Structures are given as C-alpha cells and as structure tokens.
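Subject: Structure handover

Hi,

My notes on what turned up follow below it.

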Amino acid sequence: MLKSKYFTFVLVFVLVLATLVSVTGAGAAPKSDLFVSISVDKDSFLASDAVMVNVTISNNGKNSAKVLKWYTAVDEVEEAIFNVTRDGAAVDYVGAHYKRPAPTGQDYISLKSGESFTRSVDLGLYYDLSAS
C-alpha cells in the first residue's frame, strides 16, 4: 500500500533502439526511419490510479520495416523495457523474463511506410509501484 495520498513519479523511459527495434529483410527501412515515442497523460497520480503510458512505434521511412516484438509493448511487456524511477531511484521490474530461441517470422510486426502502432501499458502490472 502507498503511505501517502499522492505521489509523483519521475518517469524516465529508456528504450534502447538497438534492442527494441530489429529491422530485417531486403528493402527494409534503415533503423533511423523508425521512431519510438512514449507519453503519459499526467505525471502525478493518486495512490489508486493506474500509471498508464502510451508507446508508439512509427515507420517514417519510404520502405516497410519489420520490428521484433519481444522488446516492445506490441503484445505484452515481456522484459524490463522501461527504465522507471521514483525520486531518482530505480523502480524494480516485477514482470516475467523469457528465454527465447532465435526469432521466427511470427515474432515480428511489419510497419508499412507511414504506419504506426500504439499500445497503452499499465506500468503497475510490470513494475513495483507500491512504495510511496
């Protein structure tokens, strides 16, 4: 339980593009054509609020791009892909960790030129937000 009625999160999100986005295939867009943005609707939450973030992956290139889903929020958060801090201290990731074989075609999403994918993520499902 949270001890205070209100708490403020300093949400710092570091998504390492090299592990987040994998572009493969002939004619695929260079990595620099993929853009990841993260937004929150507010930076202060009540103790009972879900801490929701919106993650968008956009292909700003001229070609289609394949994105490896494992280190994104496409299906579920399956690794510690966010760097969440509170008052300068890291917040522990409590979600699952997966050991995986080499990726197959089903492990990628394809984004056409100009296409974007957005997913809302409840950080409380994956990070220990119980401390105040």
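Start with a salt bridge: the side chains of aspartate 75 and lysine 69 meet, with 3.5 Å from N to O. Aspartate 75 is partly exposed, at 43% relative accessible area. Lysine 69 counts as buried, at 19%. Bear in mind that this is a predicted model.

The whole structure holds four salt bridges.

- Arginine 119 and glutamate 76 pair through their side chains at 3.8 Å, N to O. Arginine 119 sits in strand β9 and glutamate 76 in the loop between β5 and β6, so the pair ties together parts 43 residues apart in sequence. Arginine 119 is partly exposed at 21% relative accessibility. Glutamate 76 is partly exposed too, at 40%.
- Glutamate 78 bridges to arginine 100, with the closest N and O atoms 2.4 Å apart. This pair links the β5–β6 loop with the loop between β7 and β8, 22 residues apart. Glutamate 78 is buried at 19%. Arginine 100 is partly exposed at 27%.

Now the fold. The protein chain has one helix and nine strands. Of the 132 residues, 36% are buried.

On packing, the largest nonpolar core has 16 residues. Val77, Phe82, Val121, Leu123 and Tyr127 touch the most other members. Leaving out residues up to four places away in sequence, valine 121 touches Val51, Met52, Val53, Val55, Ala73, Val77, Phe82 and Tyr126. Apart from that core lies another, of seven residues, including Ile57 and Leu111.

Best regards

Note on methods: Residues numbered from 1 in each chain as written. Predicted model: local features only at pLDDT ≥ 70, side-chain atom pairs only at ≥ 80, totals over all residues. Heavy atoms only, no water. Helix = DSSP H or I, 4+ residues; strand = E, 2+ residues; numbered from the N terminus. Buried < 20%, exposed > 50% of the residue type's maximum accessible area, 1.4 Å probe, protein only. Core = buried A, V, L, I, M, F, W, Y, C linked by side-chain atoms within 4.5 Å. Contact = heavy atoms within 4.5 Å.
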